[in-house]
Structure formats: C-alpha cells, structure tokens
Amino acid sequence: MLLIHCPYCKESRDQSEFSPAGEAFIARPKNPEGISDDEWADYVFYRTNHKGNHWEQWVHANGCRKYFLVERSTISHQILQVAPFGARNSETEL
Amino acid sequence: MRLAQHSSHQVNYSKSLNFIFNNKRYKGYEGDTLASALLANDALLFTRSFKYGRKRGLIAAGVEEPNALVSLEIGGRYTPNLKATEITLYDGLSAVSASNPNAFDMRAFIKPLHRFMPAGFYYKTFIKQKVWAKVEDSIRAFSGFSKAPTEEDVDVYDHIFHHAEVVVIGGGAAGISAALEVLNNSQKERVILVDERSQLGGELFNEFSSDEAAMKWHKDSINRLLSFANESSERFTLLTQSTAYAWHDQNFIEVLETITTAESLTSSEPEKARKIVHRIRAKEVILATGAHERPMLFQANDLTNIMLSQSVRRYLHEYGVISGKKVVIYGNNDSIYSTARDLYVNDIECIVVDVRSSEGPIEIGAELKHSGVKVLQGYSIVKALGSHRIKGVEIKQTKLQDNGWHVFGDTQTLSCDLLATSGGFNPVVHLDCHNGAKTYFDEVSQSFLPQQERDNREVCGAVAGAGAWQDAIIDAKNKAQFTLNALGVVSKLKQEILSENYSNYFNISQFFTPKEIMNMPKVFLDLQNDVTTLDVALSIREGYRSIEHIKRYTAMGFGTDQGKTGNINGIAVAAELLKTPLSALGTTTFRPAYTGVDFGAMAGREIGDFFDPQRYTTIHDSHVASGAEFEVVGQWHRPWYYPKTGENMHQAVHRECLAARTSLGMMDASTLGKIDVQGSDAREFLSRVYTNAWMKLAPGSCRYGLMCNEKGMIIDDGVSACINDNHFIMTTTTGGAASVYSALEMWLQTEWSDLDVHLNSITDQYSTVAVVGPNARKLMKLLCQDVDFERKNFKFMQWRQGMVCGVDARIMRISFSGELAYEINVEANYGRYIWDQVAIAGEKWNITPYGTESMHVLRAEKGYIIVGQDTDGSMTPMDVNMSWILAKDKPYSYVGRRSFSISALRTEDRLQLVGLLTKDSSTVIPEGAHVIDNKAKSIGYVTSSYFSPILDRSIAMAQIQGGLAKIDETVLVKIVQKKQGLKEIPCEISSSVFYDIEGEKVDGND
C-alpha cells in the first residue's frame, strides 16, 4: 500500500483513497478519422509498460476526485513526484 | 524435564497451569510456551512428517520450528497449524498435533517403499498417469497439516494504524540499543519497537547469560525503555508478542500481535481482540531481526530430540527445561562450547564434537577441559542412532582433501539421549527482502547478509553479521545515528569502533557437508516437507540449475516454516553439487508473510455487516413492510418481487407484470445513477460521450443515450433530461453509476479541460417512483394538478416540473416497460411519502408494486437491453442492432466512434443480440445456455430468458454469431439437467422485440 501525495488536497493519504488511471501523456488524437487503424489502435491499446521511472495518472477517487500526474518507479514503487494535471504535457517538459 | 533449582525471568514457578495436549493432561507454568511445557513433561513427540510419516519432535524454540505444528482449541476458537513454540501457555489450553504421531499411519507402514518416493513422486506417479483426481482425497488426508476449521471464528480481531518516524524491528540487544539511541537523542520523534517474544532481550539470555555485564546492561536498558513508554505512549510504543510479518513498499510494515491469555478466552468482554494487526507507516526502519541457527547434516538427522544448540540453551535458561541427561553437542563454530558450559554448570553430562580440527575458543575450551568435558575435534557425525528417539551417534574423522570434505577412518559410537547441533547462523533477512533488497554471501560469517545501503533503513546486530553482544549494541548505536541524521535530528554523527571480529565472533568453519554424508539416504534438509539431500541431487540430475527451480521441484522451503532452518543448508548442498559458489547461486525469494497470519486477523472488524457498505433507498422500510424479497445490485438492496401470502416467485412476477401491462404498477427506481451535468458546454459534453445527437434537445425534453468506451464497446445507457441549455440530468445504470461518473470526470479533467462542464453525483439526493401502466395518466392527474398531462401536451420523452402531493417534483415521461409511464423525482427525504401517496391514490386501479424481476421481464418483452447482462464489454451498438443510435454528422468524433470502422468490429460472424423463441412455448431456457449449430458447435449463448405473462410464452435474448442475418432460422440450445442429463431445446431466432412491436402502448389508452 502506497502513501500518495495529492497535489490538490496537499496531503499524503493512503492508497485506498486513490485509483490508478493508466499511463500519462496519452493524448487523444485530434482527428481520429484522419489516422490509420494502426495509429488508432496504438492510442487505444498500446502502452509502454516501462520498467523504471514511469509517469502515470491517478485519481483521488475517495477524496477531491481530481486526476493528477504521478512519477513512480515500477521497480521499487517509490513515488518520485506528483503534479497537478496540465502542469506538464510530456515526460521531458518541465 | 525441569531443573530443580532454576530461577527464570521468563517463567513464574509460583503459578502452575493445566493444559491438554493430544487428549492427555499436563501441567506447566505461567510464562511457558506449549513447547517448553511439553518438553518439561518429557512429551517429545509432536507430529508425523508430511511424506514418509516419520515421527518428529521439536528442533527449535521459536518461529523457525518446522515440526511442532498443532491445532489450538476447538469449535469457534479452533486455529490450525500453529507452532507449539509460538503458543504462550494459559490455563485450560487444549491443543492437538496437526498429524497425530501416535496414530497408525499408512506411510510408516510402507517404509520399505520410501526409497521409491523421491522428489516429484506424486506428480510422476499420479498426475502424469492422470489418476490424481481419484487418489487426491486419500493422499491429502496424510498431508501432515491440521484440518481446516469448520465453524465460524468467534474471536474478535482488530486493526490499528500507526505513523512513526522510526520503527525498530527486533527486541534483542541490537534492537533495544537502537531504540534507546534514537529516543535519547531526539525530542519528539515517534518510535515503535516490535518484538515477537514476550520479553525483550532476544538471545542475550542464552549466548550471554553468564556475562554479568550483559545482564546489567539489559536490566538498565529495559528500565530506561519502560520509562520512555510510561512518559508518553505517543513518543514510544512497545509491541511485544508481536511479529512483523511483512514489510511493503514505502516502509509500510504489518505486525501481528497475539494476545493469548486465559482471560482473553474466557473474558466477559466479548469485544476484546484476540489478535491485532498493526499497520505502521515509518519514515525510517531499523532492522535488528537477529539470526536463526541452522542445523548440521547427517543421516537420520530428524530423530526426536535432535535440536538446535541455541534452542537447547533457550529451553534451559528461559524455561529451566532440558530434554536429555546425556548430551552430544555438535557443530562447526564456537557457540557449541558455550552450550557445553551452560550444560555442565547445570550438572548435565555432555560431549562436544567439533568438525573443525583447529582449536576452539581458548577460554571456554580450557574451562571445559578443566571440568572434564570431552571435546572431539576434527570429527563429523555421520549418523544418528535410534528408531524414533535418538540413542547415540556414529562419528568419523573429517578432513579437507583436494576435491572437498571427506570423512574417513573407523566409526566410533557415542551414546546420548539429546543431540544439540549448530551449523552457523542465518541472518533473518526475510523482511528486508520482502520489498526488494538483495542479499550477498559473506565468507567470514558464512551467511547471506542484507545488502549494505538502502534508503530509509539500517540493519544492525546479528542480522548484519554481528556476533558479540557488545558489537551488536555499538553497531545499533552507530546505525541509529545514521537514522537520526536521515531524519534531520542530528547533524554530527557519533560513531564508535566495532571489534575486529565483529562478524567472526563464532569462528564458523566453511559451509560444507562431506560427500559421503550427502550421498546417504535420510539426510533431511527440510523437515516439514521431507526433502533430503538426495532429492536435491535428483533435481540437479534432472536438469534444474536455478535454486528457484530446485526449490519448486523438491518442495524445499514450501512448508509453514518457509524453510527458516533448512533452506540455506539446501542451497549449500545444491551449490556443492553444482560446483557453484554459494554467492553465485543465491537464495530463493523471501516473500511475505514471515510467519502465519490468521485470516480473522487480516479481516479484522471488516466482516458481516462491515464487509461491504449496504445501500437502501429511502423507501426501503415500505418494501420490507410489504413483504418484498430483495436482491443486491451493486451495493443496493432492491426489491426483487413482492410475494403475497402463498405466492412463489413465479406467481408473484406473473401478477406484477400483468398489472403493469393491463392497469397500473409502481416501482422504486431510486437506485439508478443520477449525474448532474452543468456548464455552458454541457450539451457539447453529452454529445461527445453519447453516440447520438444532443445539440437540438429542447429544455423540457429527455433522450435515451448509449455510452461507449474508446474501444467502441457499450459501457452504459440511460435517459438524460435537458433542464435548460446549461443543465442536464443524466441517469446511468444502477451498477454502472460509479464507474461512469469516474470515466466522465477523466474525460473532463484529462482531455477536455477546455470544456465548461461540472459534474456532481446526485443519486442519493433524489428518490424516484415510477408509475407504470395504461392507467398511469389518470393517476398522475389525481396526484398533481399544476401539470397538463394531456398526451399531446406532455409527450413521451418529456419532463415537467410540478407539485406532486405538495412536494416539488420533476416528472419524466419515460418508460422501461413500453407502457405509459411517469417517473416522479423528488428530494430523497420525500421518497417514502410520495411512494405511500401513490399507493393510496392508485388503489382504485389496483396499483401493484413490482420489483427488479418483473422490470426485467417487462423490458425483455420490449427487447430493451440491460448493459452488463445482454452486453459484456465486447458488444458494439451494431452488435445489439442499435445502429440507429449512431449520429453521423456530429462535428466532434465522439468517444468510441473511430473504433466502429475498424475491420474487426465489422465482421459478419460477430456475436449479435437477437431474440430466441422456443418451439415449445412453455420451456424457459436457463440463462447462460449455449446455442449450438447443426455440428453441435457453440455459436453463442443466452443472455436473458423469462416467461412472459402477457404473451403467455417463454422469451429469450441471445448473443449469436451473425445472428441478425439468421432471423427465423432454427437452432438448438444445449442444457445440462441434473437428472435427465443433456437436453437440446429447439428454438427459432427472432427479432428481440416480442411485444407491442409498433410501440402503441406507450401513449396509454386515454
């Protein structure tokens, strides 16, 4: 069980208050009809399943209901940082 | 046997306790464990082994014990597979061996066959030959474990949550020292000390009981700790009889505290917990978990009264118990000499057999010599003698030759009735490894030590390889300084110097077992699972190389003791056979839990009514008063049907359905999910998440919507009402409310943050009473005067605001039955009132409340789907023949739309939802039954099936491959009946709309 810091509530709370919501920075294609089946499938189904530090979305489901970004190590489960949504749009952006 | 003149800090000899073991009465003392009390009574036999049925006794005094499995108490207090060494004795205790050692046992009877039962025996003999199903029950009866409980647990268990800056695990010399160092050098940091024993001190009392300085340090330290605990329970918490059994990510530690006193079993306070799980979040962890002794290997090393050397001493010092009069002490390190001294000062005859040919510890060696204790150096025990209880040992000389260790020369025999062995120590690295730490093999201490550096944790004492108590406490102080530094409490680190032989205190000889001994039968590694050196050799011959594979092939370390005593020896044997260094072979993976945890303790108070929240509508009491039967949907208790006296479910549903179709019915629809959608982009939002058009829906109107996920699969449906251009109320399915709400929030927050839309769940804020049937309009006119109910003015799929029986209400003309129907939505607290008013006013039309079962029949007659019953997360709108609901000209590509054009969702043989009419109209197909083609191959299955009272025949819906193109074709449905066996039911594929195909009923008849 992780202890997760909600960037909106500004409190560290037990994992049972949160739900994971998949990999972060998966943007919905702007023009779905204009892309190939493969590109669409890549957006819908394919995820990196990265080993190491990984950006993902969590929601404070039993709290403020806000979605936010979490950088977590998939090896040690250590949470390196959290950020509100919109604070960054990719892994490299600061 | 108990020593006559013994004073103990552990046992209170003035208070004797009665207990029963295997139906025999015994006496023990307060402070005893079940194991020590039985040993004092010379009751040595505990169990029969797992595979060969060999009689076994105790080898250890703590949690590492592999043999002494017992079940405690009976009935609602029955607990299976506890170790006798873990059970604190109380008056009236009653326990039984997991596998009765005195009963007749088949396995011992077939003794000559044991050599044909190597590792993999059961698999090769029974599973490969496909007879396992026939013999499983009889083999499992021999398993050597207690029977599962049959009664409900009457005990109460608690969970307590803690936050602490520092948690120290282990209350031996190192743990005490570390906790004190932190407490002495900090002001407000919260410290928790956890120890599995009932008294702090660990092995101090055994290894160092004759050291006066050690005893004084212990006494002073305990007093100091207790004064901290007394000053402030916030600052320092001491948990004894508490085992830290798991260490999870982010320093989340789970501890099981056992409160086994006679009082707790007979207490008049029924709420008093028997065990408590402490869940601790720590900033820093100091591990001082100590080490377990490992046994030496030789033939028949499983005879009773062959024990670990330190355990012999623990029984002697703590409980005043010794189970023999003539003791051989055998080992490869200096601690066996201390054991010998502890025995002879208590006038017990002993002989030391040391495999090392070099000198033992000089001081104690001289003392032993002076006292006439015989010491044999350079000898190995090759075999223990005796049928069940040890009677003597055979020894041979040992030396190192070019290709390994060998025994040679003549066999000598020593007689004894107790054998104490020590093969070195295994640091208790289990917890550290639970959350990912690695170990490394240390040549000096001949053990796997925890990796040096980790964030937020320190290791000290025996688990870090320390031998002497002085080193353990200095090590602990030094490490505690690091912890204080990490917490920002101290900036300048105080570090004391450790002695040179920190990890070489016991002078342990290199890990080895002579070849001649390894090749003997019955050299047991894992006593609980009967794994021998030959089994390990066999697994290697069969090609296994990884220690993880060898473990699984032989079942070594799979028992309830998790190989605490046997595993490292097994790994060493494998390393020798594979000619691989131990460091390269490594250990198997240590996983939680470190020791057994009761299911009751895991569940805590979250059982019965507290297992899952129960949700009731505000009308619930009325349903109960009406005699409704309930079904649980999500967490909601919904009326299922309302039987009148003498009616069964079928009869009640029949009556309810006909009432709604021919006159008037009413239903509590409050459980449907309701989401308030507000904002200037609310309309755009709905048109993005639903497949159909929403831009032109006028205020005062409602619309049915189908919701898909991005994969194009149906996830929910429901009616939304336009309150005004900036305000809609969406309804969802009862079960889907939470997940839909969460999915909508995700779209708004992560993709469409530019939309001005706000969502709120209002499911609990409104009660909904549905009035259904041809007479619904007449009734509504009676109940509400300020709304025009004329059919041309209040059309189907419209809503009106009005006062119903004096209560402000939104009345929606929507229908899930195909009949004229109104849903009256009022503030939740008025739900019961409105329900009752509707019931009274409807009496003249014989208004009939109906439940979910009739609702299902009514909707199925009309072919309305239930998401989650007729769809399963792999159905598109096209699959359920609802292509009409897909808008073609919406500017935004709504959720799921792009997926509809993927070829896989367009194939003709997809499962499609169709109706199914049995040729024999009275036969109702069981839901879930398979539809088969003329080659008896499954082409789909039945999703809904009922008897329709209005049609007087059975109806069903089914997902059938390419079903929409097969209307009017005949297929078979295959079912299995309990008595008649297989049966095939001929059916015709039909449209899924069975009743009122033209849709004329929805306007009523007035």
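1. A friendly start with two terms: two strands pair if DSSP finds at least two bridges between them, and strands (E, at least two residues) and helices (H or I, at least four) are DSSP runs numbered from the N terminus. With that in hand, look at strand S46 (residues 970-977) of chain B and strand S47 (residues 981-990) of chain B, which pair in the antiparallel sense over eight bridges. A hairpin of three residues links S46(B) to S47(B), and B:Val973 stands opposite B:Ile985 in S47(B).

2. Before going on, please keep in mind that this is a predicted model, where local features need pLDDT of at least 70, side-chain atom pairs count only at pLDDT 80 or more, and totals for chains, interfaces and linings use all residues. Residues are numbered from 1 along each chain as its sequence is written, while chains are lettered from A and ligands numbered from 1 in the order in which they are written.

3. What else does S46(B) pair with? Strand S43 (residues 930-932) of chain B runs antiparallel to S46(B), joined by three bridges. Here B:His930 has B:Lys974 as its bridge partner.

4. Why do they line one face of the helix? An α-helix has 3.6 residues a turn, so residues three or four places apart point the same way.

5. Helix H5 (residues 173-184) and helix H13 (residues 469-486) of chain B pack at an angle of about 35°, their axes 8 Å apart. Axes are lines fitted to C-alpha atoms, for helices over the stretch in contact, and angles run from 0 to 180 degrees between N-to-C directions. Among the residues of H5(B) that meet H13(B) are B:Ala173, B:Ser177 and B:Glu181.

6. Finally, the contact between chains (C-beta atoms, placed from the backbone, within 7 Å) takes 20 residues from chain A and 19 from chain B. On the side of chain A that touches chain B, helix H1 (37-44) and strand S4 (53-59) each supply at least two residues, and H1(A) gives the most, with three.

How values were computed. Contact = placed C-beta atoms within 7 Å.
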